[in-house]
Structure formats: C-alpha cells, structure tokens
Amino acid sequence: LTHGATDGSGGAIYSNADLTIDSVTFYENAAWDGSAGAICTDDGDTTISNSTFSYNAASSYGGAIACYGSSLTIDGSTFSHNTSGDHGGAIDDHQNHGTVVTNSVFENNFTTDEGGAIENNGSDLVVRNSSFVGNHANLDGGAICDFSHTLDISGSRFVNNSSDSYGGAVSCFGRGLKIDASVFKIGRAHV
C-alpha cells in the first residue's frame, strides 16, 4: 500500500475491528492532520507479521502505526524512516491491552517528541529479539519511551539511538523495567 493520505488518521488503513496484516509493504503513506501514517486501530486486536513500513509520516502520533484500545502483536516486521510530529516515530501505542514486538527491526525512525521508534502508554510492552538502530527522539527515549506498567526487553540490540532529553536508547517512566541478554551501543542523551 503506497501513497495513501488522509487529513484524519490512518493514511492507508483505519480500523475499529480485529485486523491481521501479513506480508504487506506500507510505503510513503501520510496522515497530514492526524495520527498513524499507515495504520490506525481503535478497538479490536491487531496482528502484524512479515511486513515493511517505510517513509510513512503523521503530523501527530505514530509515524507508521497508532494503536488505541486494542492489543498489538508485531512479528518479523521492519520499520524504517517513519516520522511523527508527536509521540512514536514508528509506533504510538496508547491505552491498549498489551503489546508484543518480536523478531523486528526499527531503523532511522524519528519523532519531534517521545519514542523515536516506539512510544508506549498505558499497557505492558514486551520486546523480544528485535533491533533498534539510528532512531531519534527530540525529547525522551531515542528508541523506546515507555509509560506502561512493565517494559520487558530481551535478546534485543540497541545501536546508535539518541534523544535530546532522557534515555538515548530507552526511557522508562512506568512501574517496572526488565532487560535481559540485550546489547546497547553508542547511544546518547543530552540530559
């Protein structure tokens, strides 16, 4: 799905039901005056696998995906060069029922606010066997900014992520942070 655009939310797809995406490429979609350059979900469970999100943009939340009030599962997918004018350069995950990201790659995503790759607010976030390279946030969390109950990271790699405030790679303002068998290299924060 390429070159979709909206003045609202969901440049390519807006869904308020269960949504399954498998082996789809989202390229240069935009939400000019809203959230989610590619996909906006509002209720329902969302499952994304083996898909690519590149050069999507939103003026507000979630350069590629904004997920509200639903569960989000992502596996084997790539997010690169997505941008948001607010939270979550690639993904903004807000008040949903749990998010799991596995075997995925986040490269060169950007936000003017929090969470260069992922901003998570209000649900547990689990990240497994994933790679975060060259993501940037103008505020907190170059790769991930988390306000959830628990952020659980394992088997993942964070390289050359940066923020202009707290957490060059990860910024956690939630209730718990667990990191296991992961690598952090050349991250920077200006605070």
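**Briefing: a parallel sheet**

In strand β18, N120 is the bridge partner of D93. The model is predicted: local features need pLDDT of at least 70, side-chain atom pairs count only at pLDDT 80 or more, and totals for chains, interfaces and linings use all residues. Residues are numbered from 1 along each chain as its sequence is written, and side-chain values use heavy atoms, with hydrogens and water left out.

**The whole sheet**
- Seven strands form an open sheet with parallel pairing, in the order β2-β6-β10-β14-β18-β22-β26.
- β2 (13–15) and β26 (170–172) stand at the edges with a single partner strand each, so one side of each has no neighbour in the sheet.
- Neighbouring strands are turned by 5° against each other on average, direction ignored; the angles run from 0 to 180 degrees between N-to-C directions, with axes fitted to C-alpha atoms.
- Strands here are DSSP runs (E, at least two residues), numbered from the N terminus.
- Two strands pair if DSSP finds at least two bridges between them.

**Pairs of strands**
- β6 (residues 39–42) runs parallel to β10, joined by four bridges. D42 has Y68 of β10 as its bridge partner.
- β10 and β14 also pair in the parallel sense, over four bridges. C67 has D93 of β14 as its bridge partner.
- β14 (residues 91–94) pairs with β18 (residues 118–121) over four bridges, again in the parallel sense.

**Both faces of β10**
- In a regular strand, side chains alternate between the two faces of the sheet.
- In β10 (residues 65–68), I65 and C67 lie on one side, A66 and Y68 on the other.
- All four are buried, meaning under 20% relative accessible area (1.4 Å probe, protein chains only).

Notes. Buried means under 20% relative accessible area, exposed over 50%, partly exposed in between (1.4 Å probe, protein chains only).
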